[in-house]
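Thanks for making time this morning. I'll take the two chains in turn, then the contact between them, then a couple of single residues.

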Amino acid sequence: MFPKTQPLTARLNTLAHPARRPAGAAGRSRRTLSRVCLALLASLLLAGCLPTAYKLRGVPYERPRPAPALPLTDQAGRPFALADHRGKVLAIYFGYTFCPDVCPITLAQLTQVWRELGAAEAARFQPVFVTVDPDRDTPAVLTRYLAAFDNAVGSDRGLGFIGLHGPADALAAALAGYGAQAIKRPHPSSATGYSMDHTASIFVIDATGTLVEWFPYGAAENDILADVRHLIQQGSRP
Amino acid sequence: MKPNAFLLLTLVLVLAAACTPVEPGGPAGIAVTDAWARAAVTGNSAAYMTLRNKSTVADRLVKAESDVAGAVELHKTTMEGGMMKMAPVDGVDLPAQGQAELKPGGLHVMLIGLTRELRAGEKIKLKLYFEKAGMQEVDVEVRK
């Protein structure tokens with residue numbers, strides 16, 4: 001409820017017992033005083049006079065639930081399991097590499113978020129790109145495509161973008177879990193052949209593996225960064 | 001005219017000519033400004049720009065060409081209820097003395113099947129074909 005209560009108690013006790021004197025009559029009265037102070041502080045907290053709880057800037061789920069499975073394979077051919085990424089904040093984006101506009105914009109945003117995080121934080125942030133066009137986005141294509149974003153961070157820390165693909169039924173299951181959609185639109189007169197209409201939101205999973213919120217396309221980079229940072233800090237608390 | 005006055009007049013004229021902004025695309029054509037394309041290693045990219053029709057008759061961008069891509073088409077991205085949709089368009093309308101903006105998340109010149117990497121900082125050539133104003137070649141800056 002009040003994650004601040006414990007450190008505050010500790011700090012108050014240190015204030016009340018600077019030299020940790022053995023409890024005598026004076027000690028007892030000091031303890032009473034510190035209890036009164038604590039009660040006062042607690043009511044202040046309740047009244048919202050101290051910094052209030054962080055408010056997520058994306059669209060939080062009313063009922064956060066364990067993140068739906070992504071029964072797919074990464075670009076190196078390894079089966080993907082969310083459980084392998086506990087302790088990290090995940091940003092999931094469904095898209096396709098053929099898309100020259102909205103998808104690279106979003107991936108560039110996630111790359112930028114990663115870049116803004118400190119090294120320790122960045123190690124706990126994992127962006128995941130799920131292709132909705134597995135026919136064209138083979139593992140080799142995904143590897144090349146995502147490497148461009150990895151390289152763009154210009155750092156030897158390595159962003160390590162995960163690219164997931166899988167057969168139609170597995171993809172359909174993954175999409176359904178997140179309430180996302182992908183529809184193939186043929187364009188016979190275009191060199192693209194077809195495009196994929198797809199949900200362009202970013203889904204955010206916290207360090208406990210809970211799907212906590214999503215961001216619509218066009219969300220401000222700073223808002224994504226603030227939430228990711230908050231969730232990373234929350235995830236590193238005991 | 002005294003030689004001094006003549007020199008002064010020449011100087012003023014030369015300076016005036018140098019300071020007058022040259023309208024891109026000539027006095028009655030299409031002005032193409034802020035043209036840029038997204039850096040990409042492989043696959044596809046998109047080019048964006050602002051097109052301003054200086055003529056008193058409507059015009060239309062109907063085609064684009066570039067040697068950095070296997071095919072170049074005019075496309076439009078739209079967002080509908082959180083869904084991203086992308087489809088080719090026949091052309092981009094330019095009303096008389098009006099303008100059209102090609103920008104991320106909207107109209108763009110799609111560069112399909114890049115023949116080489118587009119590196120941030122370099123410039124690529126793009127040929128734009130207008131129904132009335134004809135062909136115009138523009139320099140497009142590659143950005144991240």
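Chain A has 238 residues, and buried ones make up 45% of them. Keep in mind that this is a predicted model. The secondary structure of chain A comes to 7 helices and 9 strands. Look at contacts in chain A between residues at least 6 apart in sequence: 72% of them join residues at least 24 apart.

Now the sheet in chain A. It is open, and 7 strands form it. The order is β1-β9-β8-β3-β4-β5-β2, with mixed pairing. Which strands stand at the edges? They are β1, residues 59–66, and β2 of chain A. Each has a single partner strand, so one side of each is left without a neighbour in the sheet.

Strand β8 of chain A covers residues 202–205, and strand β9 of chain A covers residues 210–215. The two run antiparallel, joined by 4 bridges. Within this pairing, V204(A) has E213(A) in β9(A) as its bridge partner. As a reminder, strands of a sheet pair through backbone hydrogen bonds, either parallel or antiparallel.

On to chain B. It holds 1 helix and 10 strands. Chain B has 144 residues, and 40% of them count as buried. For contacts in chain B with a separation of 6 or more, residues 24 or more positions apart account for 65%.

Strand β8 of chain B deserves a stop. This strand spans residues 107–114. How many of its residues are buried? The count is 7 of 8, so to speak a mostly covered strand. Two pairings involve β8(B). With strand β4 of chain B, residues 69–80, it runs antiparallel, and 7 bridges join the two. There, A69(B) stands opposite L114(B). With strand β2 of chain B, residues 45–53, the sense is also antiparallel, over 3 bridges. In that case M110(B) in β8(B) is the bridge partner of A46(B).

Next, the interface. Chain A puts 26 residues in contact with 26 residues of chain B. The two chains bury about 2000 Å² between them. Of that area, 64% is on carbon and sulfur atoms.

Polar terms now. The rule finds 11 residue pairs in polar contact across the interface, both partners at pLDDT 80 or more. Four elements of chain A give two or more residues to the side that touches chain B: α3 (102–116), α5 (139–152), β6 (182–187) and β7 (193–199). The largest share, 5 residues, comes from β7(A). By class, that side of chain A has 14 nonpolar, 8 polar and 4 charged residues.

How many salt bridges cross the interface? The rule finds 1. K85(B) and D197(A) meet in a salt bridge through their side chains, at 3.7 Å, N to O.

There is strand pairing between the chains too. β7(A) and strand β5 of chain B, residues 83–88, pair in the antiparallel sense over 2 bridges. In this pairing T199(A) stands opposite M83(B).

First, G105(B). It lies in the loop between β7 (99–102) and β8 of chain B.

Second, R78(A). This residue sits in the loop between β2 (73–74) and β3 (89–95) of chain A. R78(A) is exposed, with a relative accessible area of 52%. Leaving aside neighbours within four places in sequence, R78(A) is in contact with L72(A) and T73(A). The C-alpha atoms of R78(A) and T111(A) are separated by 23 Å, at 33 residues apart along the chain.

Key
Residues numbered from 1 in each chain as written. Chains lettered and ligands numbered in written order. Predicted model: local features only at pLDDT ≥ 70, side-chain atom pairs only at ≥ 80, totals over all residues. Heavy atoms only, no water. Buried < 20%, exposed > 50% of the residue type's maximum accessible area, 1.4 Å probe, protein only. Pairing = 2+ DSSP bridges. Contact = heavy atoms within 4.5 Å. Buried area = accessible area lost by both parts, 1.4 Å probe. Salt bridge = Lys/Arg side-chain N within 4 Å of Asp/Glu carboxyl O. Polar contact = N/O pair within 3.5 Å; in protein donor to acceptor, adjacent residues only side chain to side chain. Nonpolar A, V, L, I, M, F, W, Y, C, P; charged D, E, K, R; others polar.
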